[in-house]
Amino acid sequence: MEERRIRIVLDAMGGDNAPVSTIEGAVDALKEKDGFELVLVGREEAIKAELAKYDYPKDRIEIRHAEEVIEMCEAPAAAIHNKKDSSIVVGMKMIRKGEADAFVSAGSTGAVLVGGQILVGRLKGVERPPLACLVPTEKGMACMIDCGANVDARPSWLVQFARMGSVYMKDFMKVENPRVGILNIGAEEEKGNSLVKETFPLLKACSDINFIGSVEARDIPGGYADVIVTDAFSGNVALKMYEGTASTLLKVVKGSMMTSLKTKIGALLIKDALKSTMKKYDATAYGGAPLLGLNGLVVKTHGSSKAKEIRISILQCLTFCEERINDKIKDLFVADKA
């Protein structure tokens, strides 16, 4: 009996560059790896018009028509309720019904977050699902959790974020005994706002994580921790500052190397090393952010995603499913009830 392929649903209409980049990324992912199939959700005519540009394995693509599109400017909860024939709602319902294993969207972040909770639903025992994004560091990669889902958080939520983030880094990123730190304004245990102060001893007492204490924002690029636990407000601010600084610094460095003949010669000599460094700090190279703790995999990628990031996000889902990350997170909370 032939083993069932992993099925990944792609919101073909989501994002600033849809459906052109979403379809290109989908075809690129199919050509790169076997073992999965794609369901493209959106306006069938537009999807078919884009697919006609490519050669691709037709037996691995299904089109599921959805007439409506949730726009970035729409109120998320109202849009999920009112636009039942939107690509986000139709795609997420497929996950809830068990018709597919993962859902990827570059569409409205708010709609993906609301839809994830309402349509896909939380795993039993999970209080709130966090967005877990990967950020480059001097030593590899770190997971910022939460980076956008829960602006106001409770201490018990942050403890769950730490545990889920540890599973993600250990089993997905293959980091042995990941170091967990809480984002803070100082290294001392007594520092921080009330949320950090209340959460710190809970993390310290958590036996299934490797808690190392507080992590300041300046420690993140140095790879001081593998999992950085925070509420979504602080996490998103830190993430955007991180991405903006990296982007600006690379532009400044490139610009300074074009100022004279001497610097141009120097740039030529270090071109390969510079290209490697720039690639490491390219935010589009790491795919999307999974919304952990749901009854299925939901991955949110940047609204400005082009084909490369769509492709990486799809392949990220494939690895996530192959490594059974969701089952391992589920096991955490089953053990709590035992």
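**Strands β1 and β2**

I looked up how β1 (residues 6–11) meets β2: the two run parallel and are joined by 6 bridges. Strands count as a pair if DSSP finds at least two bridges between them. I found Arg 7 opposite Glu 37 in β2.

This is a predicted model, where local features need pLDDT of at least 70, side-chain atom pairs count only at pLDDT 80 or more, and totals for chains, interfaces and linings use all residues. Residues are numbered from 1 along each chain as its sequence is written, and side-chain values use heavy atoms, with hydrogens and water left out.

Next I checked cover on β2 (residues 36–42): 7 of its 7 residues are buried. Buried means under 20% relative accessible area, with a 1.4 Å probe and protein chains only. In a regular strand the side chains alternate between the two faces of the sheet. On one side of β2 I noted Phe 36, Leu 38, Leu 40 and Gly 42, and on the other Glu 37, Val 39 and Val 41, all of them buried.

**Whole chain**

I noted 12 helices and 11 strands. These are DSSP runs: H or I of at least four residues for helices, E of at least two for strands. The radius of gyration is 21 Å, close to the 20 Å from the globule rule for 338 residues, so the chain is as compact as a globular protein of that length. The radius is taken over C-alpha atoms, and the rule is 2.2 Å times the number of residues to the power 0.38. The C-alpha trace spans about 70 × 55 × 45 Å along its principal axes. Of the 338 residues, 50% count as buried.
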